[in-house]
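Trainee: Could you take a close look at one part of this model with me? I'd like to talk through the charged pairs and what they link.

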Amino acid sequence: METGAYPTRSPLWVAPLPLQEDGTRRINSVLIANRGEIACRVIATCRKLQIKSIAIYADEDAVSRHVSEADEAINLGSMDNTEGNPFLNIQLLVDIALNAGADAIHPGYGYLSENSRFADAVRAAGMIFIGPSSSAINTLGDKREAKEYLGQHEPSVPLIPGFTGSSSGIQLEDLQVQAERIGLPVMIKASAGGGGKGLRIVRDMSALESEFNRAQSEAQRSFGLSDCIMEKYIEAGKHVEVQIMGDSHGKVISLWERDCSVQRRHQKVVEESPCAWLNQSQREAMCAEAVKIGELLKYEGAGTVEFILDVATGNFYFLEVNARLQVEHPITEECTGLDLVSLQLFVASGGSLESVPHLQTIPQNGHAIECRLCAEDPQRDFAPQHGLVRVWAPSTIESRENVRFETAIESGARVSIYFDSMIAKIVVWAPTRSMAIQRMARILADTVCMGVSTNQHFLQACLLHEGFRRVDYTTSFIPTNLESLLKSPTSVNGQIPMDLYSIIPSLFLRKLRDEHKSRSTFRNVRLGFRNQRFDKINTPCDVVTRFDAVKGTTVDARVSRLLFSSKATSNEFIVETAPIPSADVDSEEDANGAAVVTKAYNALSASLRAETLPNSETFSIKIHSFQTRRLDFGNGSGCEMGRIEVTIGRNKILGFVATGNHISNESDTGDFTRIFCHFPAIGTPLEYHCYSVLSYYESQRVAIAGGPASTGSINAPMPCKVLQVLKKAGDEVKTGEIVMIIESMKMEITIAASKDGKFESNVKEGEAVNEGVRLCSFN
């Protein structure tokens, strides 16, 4: 419940569309030339203005929410067709819009949003392009053109030292000379687009050419243009940007600034508004500079002027203009109270900003923070992840009045290798910065996203780090503090012992199976019944391990057994839990793998027949709440998910749980069952494996028989496409030498030799491969 510290706030103000002389509106239907959460965001405002929304989607994105939420949705075919990415096919999108009767096209962000040829094609077809003029896009949306134009027409704008090349971009022969002139480190980045795509930092001349090629290739596939520029890389500075809005009558206004300095791989992950480091005079000076740039070009629509701020001197330098709506626009909306998408539609319809009373004085109230929840593994250099989102459940602990979840996913959705890794944007508002930080950390911890690895805990670590609390943090915040930010959630959670959490998967699974059996022929048989009741090994018993993403293996194997249940329907139990006892190895002859596993199994069996397990603890357990439901994902796949609230000893634990697949009503022997658990007290999902005693030791026997993995081969770390194979079969390579380039989720990843040897590979350029497929080997 909100208190007096959180004042009641009005919904975002939506600008009404202006009427033409005949009383009609220019825009009655909009095709959104994008996908995912930004498409959902545009659809939401269209609905408020009673504008028909037309979505487009690829085969791989058919279950996205933007498809179901739009008034109409049109299929583009596959992302992997011979004609390339359909979201970059200008003629295809224009033809679809015309056939659908669209009055206007909203480009979203990314893809063709800053492509002047697309803007021209839309307007030439008689439709409205919801964005700036093509001349403004060419001049300011293109980083090379922007720097050259401002240098000639507004020399007072401070620019970062760099090299933009000729009209056809930077040539290879210019690279080294210009890099030496500028001085390392340098940044090579796509002239068009943004979002960290087509961006490389070079600190060593030997890597200059290869990184330039990677940047060009990534830019071409992301934005349809390979042009790149080179700039001096400022190691420690703030990335501060100003939101502007312009109309067709020459008016440009500032909607204040955002601090976007928390970045990994040069992509923003945490943004906030306002920038707490700036004083009011600095803020107004930066915003005035942004408006001056917009007025110079007679800018129309939403745009963002980005600056690098030197916190040592207070000086700021022009970086670039994003001639589109930004991913992080919601934090500006929260502080100003204005719906920016409605303002885009307003000015695209010919509206005058000067005539709107709400825009005469732009407020900047409170503090807003946005976190980008991404499918990635921070422990593996933020490598993009893919797979099934088994459970998506946004937090409900705070009023939705001050919290926004912008996403296109639902439980059962798949994160595809063809799209960006961002799952959701979480946005909060509070009266002060410290309150906003605490609120965001709580909401992140309480939000459930199970089934695919994410940066959920990493985001919380960023928010709660003392370096972020200081307002002078810079773009080096993550690299400087990476070790502490990557600490395992299990190592920083000191409130409740981790051993207690491992009881939950076993308890959930047994309770779930018991409920299933209550609907079967054996519904009157109590939980954990065994026919040989005097043999203690037949007491209900599980072995539970936790999968450690850092180590890439299961850890903390523990055995839990149910000792007593007062009656069949009771929710009170006594559970004994202990670490798996080790086997005593008497001789080298006994030390072989199979013998060790056999002795360990016998040791545990003997312990189970004894009164107590070695090093065990016994807890009373009471289940306060147990709710489950079955989720079906199609093609026979699905899972059981639920919410469980228990007291173990004196510790009350809330958990959200999901199985890896639908469970069987049969015996609990056989292979392990994957159980995903999200405990808000920890703040990120954990993966557990539940075994019967027999199946656990059988899995150990199989693992030992398989032997250690060879380091002489490299498997695909994720589903990907092979872009380049740089070596031929039989070529001698050295450890660390780049042999292959793959692409996943719009990011290029280099594959380096893991050892000296002769290169061998069976994959071909352009081939799509699944995770785990062998890419190459070194013999």
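Is Glu743 buried or exposed?

Mentor: Glu743 is buried, with a relative accessible area of 16%. Keep in mind that this is a predicted model. The cut-off for buried is under 20%, so Glu743 at 16% falls on the buried side. Its partner is Arg221: the two form a salt bridge, and the closest N and O atoms are 2.5 Å apart. Arg221 sits in helix 8 (residues 208-223) while Glu743 belongs to strand 35 (residues 738-744), so this pair ties together parts that are 522 residues apart in sequence.

As for the general idea, side chains of opposite charge can pair when their charged atoms come close.

Searching the whole structure turns up 47 salt bridges. One of them joins Asp80 to Lys721, with 3.0 Å between the closest N and O atoms. Asp80 is in the loop between strand 3 (72-75) and helix 3, and Lys721 is in strand 33 (residues 720-725), so here the parts being tied together are 641 residues apart in sequence. Asp80 counts as partly exposed because its relative accessibility is 38%. Lys721 is partly exposed too, with a relative accessible area of 26%.

Then there's Glu272 with Arg433, whose side chains meet in a salt bridge at 2.7 Å, N to O. Glu272 comes from strand 12 (residues 267-273) and Arg433 from helix 12 (residues 433-446), so that pair ties together parts 161 residues apart in sequence. Both Glu272 and Arg433 are buried.

Some bridges also share partners: Arg9, Glu37, Arg41, Lys48, Glu333, Glu334, Asp339, Arg404, Glu406 and Lys425 are joined that way into one network.

One more stop, back at helix 3, since the Asp80 loop is between strand 3 and that helix. The axes of helix 3 (residues 90-100) and helix 4 (residues 116-124) come within 10 Å and cross at roughly 30°. That makes the two helices roughly parallel, and their crossing is right-handed. On the helix 3 side you'll find Ile90, Leu93 and Val94, which meet Arg117, Phe118, Ala121 and Val122 in helix 4. By class, this contact has 6 nonpolar, no polar and 1 charged residues.

Terms used
Residues are numbered from 1 along each chain as its sequence is written. This is a predicted model: local features need pLDDT of at least 70, side-chain atom pairs count only at pLDDT 80 or more; totals for chains, interfaces and linings use all residues. Side-chain values use heavy atoms; hydrogens and water are left out. Axes are lines fitted to C-alpha atoms, for helices over the stretch in contact, and angles run from 0 to 180 degrees between N-to-C directions. Helices (H or I, at least four residues) and strands (E, at least two) are DSSP runs, numbered from the N terminus. Angles under 35 degrees count as roughly parallel, over 145 as roughly antiparallel, 65 to 115 as roughly perpendicular and the rest as oblique. A crossing is left-handed if the near helix is turned anticlockwise from the far one by less than a right angle, and right-handed if clockwise. Contact means heavy atoms within 4.5 Å. Ala, Val, Leu, Ile, Met, Phe, Trp, Tyr, Cys and Pro count as nonpolar, Asp, Glu, Lys and Arg as charged, and the others, Gly among them, as polar. A salt bridge is a side-chain nitrogen of Lys or Arg within 4 Å of a carboxyl oxygen of Asp or Glu. Buried means under 20% relative accessible area, exposed over 50%, partly exposed in between (1.4 Å probe, protein chains only).
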